[in-house]
Structure formats: C-alpha cells, structure tokens
Amino acid sequence: MGVERVQAWRWDGQALWLLDQRQLPARECWQRCETPEAVAEAIREMVVRGAPLIGLAAAWGVALAVRAWPGRPERVREAAGRLVQARPTAVNLRWAVQRVLARLEREGFDFARAEQEAQAIAREDEAACWRIGQAGLAVVPDGARVLTHCNTGALATAGIGTALGVLRAARQAGRRVTVYCTETRPYLQGARLTAWELAREGFDPILITDSMAGALMAQGKVDLVVVGADRIARNGDVANKVGTYTLAVLARAHGIPFYVAAPFSSVDLATPDGRAIPIEQRSAAEVVQVAGVPIAPEGVRAWHPAFDVTPAELVDALITDRGLLRPPLADALAEAARLGPCDGAAAAASPEQRRSPTP
Ligand code: MRU
C-alpha cells in the first residue's frame with residue numbers, strides 16, 4: 001500500500017516513452033519512440049502489450065505520423081495501416097487508430113489534433129478501468145480467492161487495469177482478496193508482470209504454473225476467475241491470452257464463476273463469433289526458450305498461438321465500463337452498445353438497471 005501505481009507509457013510532446021515490458025521484473029528500462037515505425041515495432045516485439053495499451057500506443061503512433069509527414073495525409077494513412085497490422089488479435093489497436101484517423105479526416109490532418117485525440121483515448125481508458133472496477137464489486141465478496149491469467153493491470157491499460165482493476169477496486173472497498181496468478185507460458189506475463197505489479201502494491205499474490213490451475217480448483221481454493229479480453233465478438237465469444245479457454249473449462253467443471261473484464265473498446269460487434277477472430281501466431285522460439293535459454297532439444301518444432309477463444313457459454317458475466325453484462329451475452333452486448341457509454345454514477349449498474357433507475 002502507499003506505492004504509486006505503475007504507468008507504462010509517457011508522452012513528452014515529441015515522442016512516446018514506453019516501459020520495456022520484456023525486461024521486467026529485472027530492469028525498468030524506457031524506450032523512446034519518435035516515429036510510427038518505432039511504435040509499430042515496439043508493439044510487435046511486445047515492448048508494450050495488453051489490448052488497451054497497444055491501442056493507445058498506436059494512437060500516439062498516428063500522431064507521430066502526422067508530425068513526420070505534414071500535408072501528406074496519404075503517408076499518415078499508410079503508417080496507420082502498418083500500426084493496425086502490428087498485432088492482429090486485440091481489436092483495441094484497430095479501434096484506436098481508426099478513431100484518431102477519423103477525427104483527422106473530418107477536421108484536417110493536424111499534429112495538435114492527433115495529440116488531443118490520443119490524450120482523450122488515454123483519459124477515457126483510465127475512466128473505463130475505474131468503471132470496470134466499480135462494476136466488478138458485485139462479484140468479488142470479502143475474502144474472495146481469485147484466479148487471474150496473463151497481465152491485465154496498469155501495465156496493460158492507461159488506468160488501474162481490467163481484471164486487475166476489479167481486484168484493486170475490491171481492495172479499495174475494504175475487501176480482503178487473495179490473488180492467484182498463473183505464470184502464463186510462454187511469455188510469462190503472469191510471473192513477470194502481474195506478480196510484480198501486484199506485489200508492489202502489497203497484494204501478496206500467489207504464483208502458480210499454468211498446469212496447476214486444475215489442482216487449485218479441485219482443492220476448493222478458488223472462488224472466482226477473472227481475466228481480460230483482447231476481443232469480444234458479437235455473440236460474446238472472448239479471445240484472450242492462450243490458456244484462458246482452459247481456465248474457463250476448468251472453472252465450469254468445478255462450478256466456479258468465470259468473469260471477463262474489458263472496456264467496450266475490446267468489443268467488436270462486426271465480428272459475429274470467435275471463429276472469425278484472427279489469432280496471432282508468434283514465433284516458436286518463444287516456446288522452446290525461456291529468457292533466451294533453450295528448454296527443448298535443438299530443432300524441435302513448436303506451436304504458438306498467442307491467444308485462444310473462450311465460447312460465450314462458459315462466461316458467467318462480462319465486467320465492462322458499461323456495467324455487468326450477464327448472459328445471453330449477445331443480447332446484453334447489443335443493448336449496452338445501443339445505450340452507449342455510461343457516466344460514473346451508473347458504472348456499477350447493469351444496462352437493465354440503467355434503463356429504469358431506482359426512484
Ligand atoms: O500478448 P499480450 O501480453 O498483449 O496479451 C495480453 C492479454 O491477453 C490480456 O489479457 C488482454 O490484452 C487484456 S489487457 C487489459
């Protein structure tokens with residue numbers, strides 16, 4: 001407690017600074033990105049990661065493109081296209097780039113305007129995380145033992161995080177929470193990032209290898225699972241860090257509620273279901289090595305999808321900045337989309353409650 005929340009990005013008016021997450025927890029090094037190409041490379045190489053934060057980084061990338069090519073909108077559009085392609089699964093990336101571009105197309109390609117829009121995305125994501133946290137209070141009782149996966153915190157967003165935001169909000173509301181985090185092979189976001197982020201704030205997290213989740217649940221040590229999302233399809237299917245689907249199946253088999261926390265910028269109503277979500281394939285080297293050290297025989301082949309899809313029927317609720325959305329998720333998402341963003345006061349209310357406020 002009392003430790004300032006980590007922020008993994010900074011804008012200095014000329015360049016984007018990114019905390020190099022590949023080096024955590026051993027070192028806190030910052031990388032300065034002065035061009036859209038440098039930002040795209042940082043996203044591809046996972047210097048910066050997490051769906052909302054790569055969206056924000058790409059928004060700054062568009063601003064850098066406007067500065068690099070004044071009066072050349074076609075060059076900016078090309079750079080924006082390259083930013084969107086840096087990683088394919090998280091829809092926030094496309095959403096943020098299109099949002100900045102749309103404003104520039106409407107009002108003119110101007111650096112200050114692009115900067116303003118990126119700042120607005122940052123502010124809104126911070127607010128969205130807070131609202132997610134408030135909405136999540138409904139599902140995290142005092143004394144809860146929570147299992148989470150990957151990293152969904154301040155290192156992945158512009159705020160307190162999504163799934164980790166729910167845990168932070170619960171703690172702030174005076175509830176005791178025990179957090180189990182999976183190491184999240186192969187990139188180890190859980191071990192390197194979540195354990196680090198939570199430990200700094202006195203959460204005292206308990207790390208497990210991914211393969212221990214079933215045993216943990218079977219021993220009755222998990223009350224709920226909460227994870228993030230990289231893309232939520234129209235029917236409520238969720239793409240998130242590989243291993244999420246396994247946890248959802250295990251949770252259902254043990255009668256444990258499974259929640260997905262995400263801002264609405266992760267919702268892609270244009271994608272009908274999980275089968276249509278592009279899944280990023282990453283290098284086999286990330287599977288056969290740990291921190292550059294081989295852990296498999298030389299030449300062995302490896303399969304490395306960075307994400308998997310959890311079918312909507314395994315999700316007990318989506319915890320969003322537009323409230324807690326319960327199944328049927330397709331209907332709840334459509335309704336939340338129709339109602340639009342909610343204000344802070346309505347944050348914890350379901351769309352149902354927001355339509356007919358208590359007198
Ligand atoms: O490959 P990563 O580290 O970018 O994957 C991150 C995740 O899968 C997160 O769970 C997701 O982006 C939600 S972050 C708030």
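Trainee: How many bridges join strand 8 to strand 9, and do they run parallel or antiparallel?
Mentor: This is a predicted model. In it, strand 8 (residues 231–233) and strand 9 (residues 238–241) run antiparallel and are joined by two bridges.

Trainee: Which residue of strand 9 is the bridge partner of R231?
Mentor: The partner of R231 is A239.

Trainee: And what sheet do these strands belong to?
Mentor: An open sheet of four strands, in the order 11-8-9-14, with mixed pairing. Strand 11 (267–268) and strand 14 (307–310) are the edge strands, each pairing on one side only.

Trainee: Over to the other end of the chain. How do strand 1 and strand 2 pair?
Mentor: They pair in the antiparallel sense, over three bridges. R10, for instance, has W17 in strand 2 as its bridge partner. Four residues lie between the strands of this hairpin, and G13 takes a positive phi near 95° there.

Trainee: What about strand 2 and strand 3, parallel or antiparallel?
Mentor: Antiparallel again, over four bridges, with strand 3 spanning residues 30–33. Within that pairing, L18 stands opposite Q31.

Trainee: New topic: the nonpolar core. Which residues of the largest one touch the most other members?
Mentor: W9, L16 and I43 do, in a core of 50 residues. Strand 1 (9–11), strand 2 (16–19) and helix 1 (36–44) are among the elements that each supply at least two residues of this core. Helix 2 gives the most, with 13 residues.

Trainee: What does L16 touch, leaving out residues up to four places away in sequence?
Mentor: Its contacts are W9, R10, W11, Q31, R32, C33, V39, A57 and W60.

Trainee: What other core lies apart from the largest one?
Mentor: One of 30 residues, including Y180, V238, A248 and A312.

Trainee: Finally, the ligand. How many residues surround it, and which are the closest?
Mentor: There are 18 residues around the ligand, and the closest are R49, Q189, D230, N240 and K241.

Trainee: Where do R49, Q189 and N240 sit relative to oxygen atoms of the ligand?
Mentor: A polar side-chain atom of R49 lies 2.6 Å from a ligand oxygen atom. For N240, a polar side-chain atom is also 2.6 Å from an oxygen atom of the ligand. In the side chain of Q189, an N or O atom is 2.8 Å from a ligand oxygen.

Trainee: How much of the ligand's accessible area does the protein cover?
Mentor: The protein covers 100% of the 420 Å² that the ligand has on its own.

Conventions. Residues numbered from 1 in each chain as written. Predicted model: local features only at pLDDT ≥ 70, side-chain atom pairs only at ≥ 80, totals over all residues. Heavy atoms only, no water. Core = buried A, V, L, I, M, F, W, Y, C linked by side-chain atoms within 4.5 Å. Buried < 20%, exposed > 50% of the residue type's maximum accessible area, 1.4 Å probe, protein only. Contact = heavy atoms within 4.5 Å. Near = heavy atom within 4 Å. Polar contact = N/O pair within 3.5 Å; in protein donor to acceptor, adjacent residues only side chain to side chain. Areas by Shrake-Rupley, 256 points an atom, 1.4 Å probe, with all protein chains shown as cover. Pairing = 2+ DSSP bridges.
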